[in-house]
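The entries follow the model shown here.

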Amino acid sequence: MTQRILLGDESVALGAIHAGISAAYAYPGTPSTEIMEYLLRHQATHRRPHAAWCANEKTAYEEALGACFAGRRALVAMKHVGLNVAADAFVNSALVAVHGGLVVAVADDPGMHSSQNEQDSRFYGDFARVLTLEPATQQEAYDMTREAFDLSEAFRVPVLLRLVTRLAHSRTTVATGAPRAENPIHKAPQRSTWILLPGNARRQWSELVARQPDLLAWSESCRWNHLALHSARRDLGVITSGIARNYYRELLPELGAAPSHLHVGAYPLPVERVRMLAAQVERVLVLEDGSPFIERQLRGLLPGRLSVAGRMSGEIPPTGELTPDLVRAALGLDSRPGLAVEGVALPNRPPQLCQGCPHAHAYKALKQALEGLEASMVTADIGCYTLGALPPFSAIESCVCMGASIGMAKGAAEAGFHPVVAVIGDSTFLHSGLTALMDAVAANANMTLLILDNQTVGMTGAQDPIVPSARLDAIVRGLGVDPDHCHVVDAHPRRVSQNAAILRREIEHRGLSVVIARRECKEVTRRKARAAGGSERAETGAGTEATIS
Amino acid sequence: MNYGILFAGVGGQGVLSMAAIIGRAAMAEGLHAKQSEVHGMAQRGGAVQAHLRLSDGPIESDLIALGSADLILSLEPVEGLRYLRFLSRTGTLITAAAAFVNIPDYPDIEGVLQRIRGLPRAIVIESDRIAEQAGDLQTVNTVMVGAASHVLPLEPESLEAALTATFERKGEQVLRANLAAFRAGRAAAG
Ligand code: SF4
């Protein structure tokens with residue numbers, strides 16, 4: 001047994017490697033990015049398993065599904081909102097007879113540290129009727145990931161592994177075991193279980209539903225769902241899920257007699273264990289980081305004997321990340337405030353574009369181009385450039401989901417608004433913008449698309465985009481954009497006025513136009529300098545993994 | 001023994017590199033450690049924090065609760081104050097003196113430093129100057145680790161060993177500057 005220091009994300013990656021995966025696919029997104037980064041580092045030194053960033057989460061999922069179809073084990077990783085993008089593949093893959101183990105690791109972001117919502121992926125696992133595992137520690141992240149592949153093959157379903165930010169991005173010692181060999185290539189034996197024509201799909205769906213009692217029976221008896229009954233206390237029982245257990249356990253010494261406790265680390269919810277706990281106590285407090293997923297199931301619709309406390313009853317705020325202090329308050333323990341800042345008003349320090357970021361120059365040009373116009377609309381997208389919403393730029397007016405800038409601009413233009421500009425980064429464009437641009441081309445929508453091509457996925461730490469920047473304009477033209485209204489400009493600070501003039505001309509053009517503002521992300525420039533021998537300090541601990549013995 | 005350190009600074013200053021050194025030293029001493037980090041958006045010049053918990057027994061929570069940090073180690077005065085509610089009543093705040101001004105409403109730095117010096121246990125370190133004297137402006141974080149070495153439940157030798165293990169591969173000059181920075185930071189806080 002070897003001990004390593006790993007992030008939660010890295011524990012998943014190593015667990016998957018040791019489970020014998022042949023392939024891993026992902027799209028970067030905080031807090032899931034470090035899963036693939038670990039796999040890529042591993043691939044660089046060990047050659048296996050195959051690991052790659054993909055255009056988006058859906059293609060990543062489908063590529064993993066292909067490996068599974070070929071009998072191999074595959075991991076696919078994404079952030080929670082990425083699962084929305086991959087949902088079509090994910091939900092339908094629950095109907096095929098999974099062959100090689102297929103695990104989707106999804107990192108939720110309660111509290112929205114780096115996301116536009118805080119949806120809870122456990123709902124997706126329930127919706128697709130598959131198994132969901134929720135580690136509480138880095139060790140469990142490793143162990144559960146390994147087991148998830150066995151479960152996937154045994155129950156012939158994809159398995160969802162749900163992480164949250166605090167586990168994904170926390171580092172500690174993990175004991176790892178011996179690696180398992182990869183599966184041999186062996187195509188799924190029965191075609192009809194993979195061809196979801198209505199006739200087959202009805203049968204597959206019935207089978208999946210019929211398999212639910214097996215999943216539940218496993219969940220009732222598995223080691224991840226642990227019930228400890230203490231007859232000394234009847235007033236309170238506690239249910240924890242995932243990392244909530246850590247906060248709860250830490251407070252146990254202050255609670256006097258320990259309440260009966262059910263910890264849930266695997267779903268479907270172990271109903272029988274919940275009933276056993278409920279039979280013992282008058283009141284159940286549910287502690288979960290994310291939505292009241294368990295709490296809602298406990299409440300049902302009709303009033304029952306049992307009093308249930310949690311996010312829905314106000315013991316814990318309905319939104320936001322669970323913290324040790326919220327758990328403390330929910331347990332009725334006195335708060336322990338630290339020192340207070342008096343006499344100084346502390347300003348917020350929101351994130352902002354790096355000094356010299358090319359997006360800043362592009363936004364200056366855009367603002368200049370729009371100057372003097374009576375009205376304008378600028379839809380935007382997800383990436384570093386979303387920070388252009390904040391002063392001093394205040395240059396954009398929307399940020400909803402990956403790729404939405406283009407579709408929204410087209411919709412607004414067709415609703416009669418003019419001028420409309422959509423702003424999107426190169427990687428987001430390749431992720432989800434291409435199809436919307438196709439719509440805009442087909443309609444010759446009266447809008448201007450500004451692609452901010454910084455030649456990288458900046459926000460998540462400068463991964464290479466799936467298509468090199470040099471081919472971006474060829475792709476845009478290939479979609480049918482009029483070459484006379486497709487420009488590539490240099491987002492250089494000295495070219496702001498010149499670029500503004502081009503943008504203004506294209507904004508005034510009635511019809512679709514595209515301007516690609518190209519300039520390398522500063523982070524990439526710095527990284528290149530570092531690789532060339534500079535001594536700039538490393539910003540993260542990534543890559544400092546140490547083997548203790 | 002339980003010891004909680006909250007690291008603070010501005011994204012890009014290298015908050016996590018301080019945590020990595022101390023975490024490394026702690027594990028080499030056989031302590032349990034959990035280190036929670038912030039990645040993603042905040043790293044772009046925003047307020048950044050990291051939590052490091054050390055113990056001679058298993059650690060449950062990845063996060064430090066309010067009022068229970070033994071040390072706030074900050075690369076920036078305002079950022080050090082920002083997390084004061086996490087500091088235990090017996091805890092220490094150690095911060096670099098230099099303001100990082102990337103916001104329009106940055107408060108009067110003298111007022112901030114005065115507020116910090118008025119805390120029961122606070123040390124303000126002229127880390128830029130010390131790093132420069134150590135021969136490398138990039139060693140500010142190491143200066144701060146040195147300044148913290150008096151209150152950390154770790155042997156200075158373990159911290160130096162962790163620095164050596166971290167900076168060795170960057171060449172002898174970088175390593176020497178970091179060891180000098182560590183010792184100078186330690187002397188400045190002593
Ligand atoms: S990482 Fe790159 S794209 Fe993002 S703000 Fe910095 S320079 Fe701009």
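Is A:R47 buried or exposed? I find that A:R47 is exposed, with a relative accessible area of 71%. By the cut-offs, buried means under 20% relative accessible area, exposed over 50%, and partly exposed in between, with a 1.4 Å probe and protein chains only.

Basis of the entries. I note that this is a predicted model, in which local features need pLDDT of at least 70 and side-chain atom pairs count only at pLDDT 80 or more, while totals for chains, interfaces and linings use all residues. Residues are numbered from 1 along each chain as its sequence is written, chains are lettered from A and ligands numbered from 1 in the order in which they are written, and side-chain values use heavy atoms, with hydrogens and water left out.

Positive phi. I looked up A:R47 again and read a phi near 70 degrees, a positive value in a residue other than glycine. A:R47 lies in the loop between α2 and β3 (50–53) of chain A. Helices (H or I, at least four residues) and strands (E, at least two) are DSSP runs, numbered from the N terminus. For A:Q455, also not a glycine, I read a positive phi near 65 degrees. A:Q455 sits in the loop between β17 (448–453) and α17 (472–478) of chain A, and A:Q455 is partly exposed at a relative accessible area of 30%.

Cis peptide bonds. I found the bond from A:T30 to A:P31 to be cis, with omega near 5 degrees. A:P31 belongs to the loop between β2 (21–26) and α2 (33–46) of chain A. The peptide bond joining A:H418 and A:P419 is cis, with omega about 0 degrees. I located A:P419 in the loop between α15 (404–414) and β16 (420–425) of chain A.
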